[in-house]
Amino acid sequence: MAKTRSSTGISNHSSSEPPTKKVKITTLRMAEVGSSTRPARKRQAAPEALDDSDLPKRISSAWKVGAHVSAAGGVENAILNAAKIGGNAFALFLKSQRKWTSPPLTAESISSFKARMEQYEYPSSLVLPHGSYLINLGNIDVAKREKSYECFLDDLKRCEQLGLTLYNFHPGSTVGATTTEKSISLIAECINRAHKETEMVTAVLENMAGAGNVVGGDFAHLAAIIAQVEDKTRVGVCLDTCHMFAAGYDIRKKEDWDATLKKFDDQIGLSYLRGMHLNDSKTPHNSKKDRHESIGLYAPTFLDKRTGHSRP
Ligand SMILES: [Zn+2]
Ligand SMILES: [Zn+2]
């Protein structure tokens, strides 16, 4: 079984309750552990197809839970890694998340990815690729924003080459050089531009922990970006529970979770929710710090079993 330190999955506030609204939830990114796509200079041999009898049975549920899986050796390997842990959904990096440029996807990689998606029965709506960490579409510096935009567009095009319909990314930062409002407009402008240069992929904004100049800690930021996106059918949101908690949204108890989701619904709309990252937080509520902890392991703040805090 693949090693994923933090739990990974999409979850409702109560797994026994069906969602009250039809929310198209897809996948969660959890651990960054083992999630490098480092394009090997020398391509690693693709693993053999898995023996189906060795695969864990996938749980049948309306909630599609998975992990951020490694795509080392080629994006097509992510599918095997997801199947090996019985994931109903998965997240991956489409290229090195810490480099500005990466070699293009090979035709072989693309066809193998598509074949395995069919073979292992993953619909594209249950795959949520995560964007490069370098991208900042809210940068007021034109040259730097353009560099980010190129990297963003490249990611979106990779999604489309692979037949993937969703792409999750961090909205951006003012870098202290402009107002949040201006950054929000720049981010929306980049999304609008990218929509015209691609066919169908949905840009999925992630909520952030709200540190310093980062845009997206407040639901209002995401709502303002979406308000300025022309094609609202191709924009969505992925909620990270660590980020929510650190940003000041209390989700420790069921009633807190319900109240937070109501805020989300009022300000953004649950129809925009495309996925969740289920992470715990190492730092206290409203700390504005982005420090993930694995769900299920000891965390002093959010899901502390000893204090009886319930899982969202
Ligand atoms: Zn993220
Ligand atoms: Zn984070």
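What follows is a chat about the fold, one piece at a time.

Modeller: Before we start, this is a predicted model, where local features need pLDDT of at least 70, side-chain atom pairs count only at pLDDT 80 or more, and totals for chains, interfaces and linings use all residues. Residues are numbered from 1 along each chain as its sequence is written, while chains are lettered from A and ligands numbered from 1 in the order in which they are written.

Colleague: How many helices and strands does the chain come to?

Modeller: Helices here are DSSP runs of H or I with at least four residues, strands are runs of E with at least two, and both are numbered from the N terminus. On that basis the chain comes to seven helices and 10 strands.

Colleague: What percentage of the residues count as buried?

Modeller: A residue is buried if 20 or more other C-beta atoms lie within 10 Å of its own, exposed if 12 or fewer, and partly exposed in between, with C-beta atoms placed from the backbone. The chain has 312 residues, and the buried share is 48%.

Colleague: Which strands pair with β7?

Modeller: Two strands pair if DSSP finds at least two bridges between them. β5 (residues 202–206) runs parallel to β7 and is joined to it by four bridges, with Val 204 opposite Gly 236. Another four bridges, again parallel, link β7 to β8 (residues 273–277), where Cys 238 stands opposite Gly 275.

Colleague: Are the faces of β7 covered or open?

Modeller: In a regular strand the side chains alternate between the two faces of the sheet. In β7, one side has Val 235, Val 237 and Leu 239, the other has Gly 236, Cys 238 and Asp 240, and all of these are buried. That is six of six residues in the strand, and both faces are covered.

Colleague: What covers the buried residues of α4?

Modeller: The buried residues of α4 include Ile 184, Ile 187 and Ile 191. Two residues are in contact if their C-beta atoms, placed from the backbone, lie within 7 Å, and Ile 187 is in contact with residues including Leu 137, Pro 171 and Val 215. The cover includes α3, β4, β5, β6, α5 and β7.

Colleague: How do α1 and α2 lie to each other?

Modeller: Axes are lines fitted to C-alpha atoms, for helices over the stretch in contact, and angles run from 0 to 180 degrees between N-to-C directions. The axes of α1 and α2 come within 7 Å and cross at roughly 25°. Angles under 35 degrees count as roughly parallel, over 145 as roughly antiparallel, 65 to 115 as roughly perpendicular and the rest as oblique. α1 and α2 are therefore roughly parallel.

Colleague: Is Ser 70 buried or exposed?

Modeller: Ser 70 lies in the loop between β1 and α1. Its C-alpha atom is 6.5 Å from that of Leu 92, 22 residues apart along the chain. With 22 other C-beta atoms within 10 Å, Ser 70 is buried.

Note on methods:
Lists of a residue's contacts leave out its neighbours within four places in sequence.
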